[in-house]
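Here are some notes to read alongside the model, written for someone meeting it for the first time. Please keep the structure open as you go through the points.

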Amino acid sequence: MRTPIVAGNWKMHLTPEEARAWLVEFHQSMPEVPSGVEAVVLPAFPLIPVVAERARESGLEVGSQDVSAHRWGAYTGEVSAWQLVGLGARYAVVGHSERRQYWGETSALISEKARRAAEAGLTPIVCVGEPLEVRSAGEAESYVVDQMLGSLEGLAVSDPDRLVIAYEPVWAIGTGRSATPEDAEAMSVALREALARRFEPDFAGRVRILYGGSVKVENFAAIMAKPNVDGGLVGGASLRAEAFAALARLAGSGL
Ligand code: PEP
């Protein structure tokens, strides 16, 4: 059985005060994340200790939106996976399409980040997704599978719970236009098959594959109902604590 995950990517939003208010509101909406679902908050680096301090009282987990490919050293502006672990983070997103697009991050660099995260004890959430022109050309599956395999290069993980893949079509992020449940399922199946070749079928069958891209309460149940979709990576909707709690409830309802 794969435990579903909802992960809220706050991006570069919220002050520390707003983050604290979010946590209070979340706790009011959901005093305890139900067993059988994981809810993960992914704040900007400076907010990680703020969230970590109060996350546990609601059963929330904390993760980062990125991580350095380096362990330690003279890398100004970078954040080490070990620093994140020390602050209470358990997950690290790598390869978000905004990092690929605005910072030119390649799958080779992302694989180094994923390896570093895993080495420090963080669970990497490896993001992949195609731009619109690739989908229009009918090449989405091969593009996304290649991106995933490149981003997992050299990664050695023995516990499938310690690897999460997030399929996020670039054209669906922040646009209000999500993939259909059928397309999300088809891509998840293609990714799982590729994982089975990269690792082994048993391992691949236990890796969580999330869908991301304009997830909201109104469309999430239909996406979650698909057998190979194990949760959501949520941007905009995660900024509202009540909506994020509702998404966690949906993910945990065993649809
Ligand atoms: C994201 O940033 O990963 C994301 C999916 O954003 P949104 O839900 O706003 O489309």
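1. Is Ser107 buried or exposed? Ser107 is buried, because its relative accessible area is 17%, and buried means under 20% relative accessible area, exposed over 50% and partly exposed in between (1.4 Å probe, protein chains only). Ser107 lies in helix α5. Apart from neighbours within four places in sequence, Ser107 is in contact with Arg100, Gln147, Gly150 and Ser151, where contact means heavy atoms within 4.5 Å.

2. A word on how to read all this. This is a predicted model, in which local features need pLDDT of at least 70 and side-chain atom pairs count only at pLDDT 80 or more, while totals for chains, interfaces and linings use all residues. Residues are numbered from 1 along each chain as its sequence is written, and side-chain values use heavy atoms, with hydrogens and water left out. Helices (H or I, at least four residues) and strands (E, at least two) are DSSP runs, numbered from the N terminus.

3. Now the overall layout. The strands β1-β2-β3-β4-β5-β6-β7-β8 form a closed barrel of 8 strands with parallel pairing; two strands pair if DSSP finds at least two bridges between them. From one strand to the next, the twist averages 25°. Angles run from 0 to 180 degrees between N-to-C directions, and axes are lines fitted to C-alpha atoms, for helices over the stretch in contact.

4. Strands β4 (residues 91-94) and β5 (residues 123-128) run parallel and are joined by 4 bridges. Val94 has Val126 as its bridge partner in β5. Helix α7 (residues 140-151) packs on the sheet, where it touches β5 and β6, and its direction makes about 150° with that of β5.

5. Next, please look at Glu168. Where is Glu168 placed? Glu168 is in the loop between β6 (164-167) and α8 (181-198). Glu168 counts as buried because its relative accessibility is 5%. Although Cys127 is 41 residues away along the chain, its C-alpha atom is separated from that of Glu168 by 6.7 Å. With neighbours within four places in sequence left aside, the contacts of Glu168 include His96, Cys127, Gly212 and Leu233. The side chains of Glu168 and His96 are joined by a polar contact of 3.4 Å. A polar contact is a pair of N or O atoms within 3.5 Å; within protein, one must be able to donate a hydrogen and the other to accept it, and residues adjacent in sequence count only if both atoms are side-chain atoms.

6. Ser68 sits in the loop between β3 (61-64) and α3 (81-86), and it counts as buried because its relative accessibility is 3%. A polar atom of the Ser68 side chain lies 2.9 Å from the backbone nitrogen of His70. The side chains of Ser68 and Glu78 make a polar contact (2.8 Å). Not counting residues up to four places away in sequence, Ser68 touches Glu78, Val79, Ser80, Lys113 and Arg116.

7. On to the aromatic rings. The structure holds 7 aromatic pairs. Rings of Phe, Tyr and Trp (its six-membered ring) pair if their centres lie within 6.5 Å; planes under 30 degrees apart count as stacked, over 60 as edge-to-face and the rest as tilted. Trp10 and Trp22 form an edge-to-face pair, 4.9 Å centre to centre with 65° between the planes. The rings of Trp22 and Phe26 have centres 5.3 Å apart and planes at 5°, so this pair is stacked. Trp22 and Phe26 both lie in helix α1, 4 residues apart, which is about one turn of the helix. Trp10, Trp22, Phe26 and Phe244 form one aromatic cluster.

8. Finally, Phe244 leads us to helix α11 (residues 241-251), where Phe244 is one of the buried residues, along with others including Leu247 and Ala248. Among the elements that cover the buried residues of α11 are β1, α1 and β8 (231-234).
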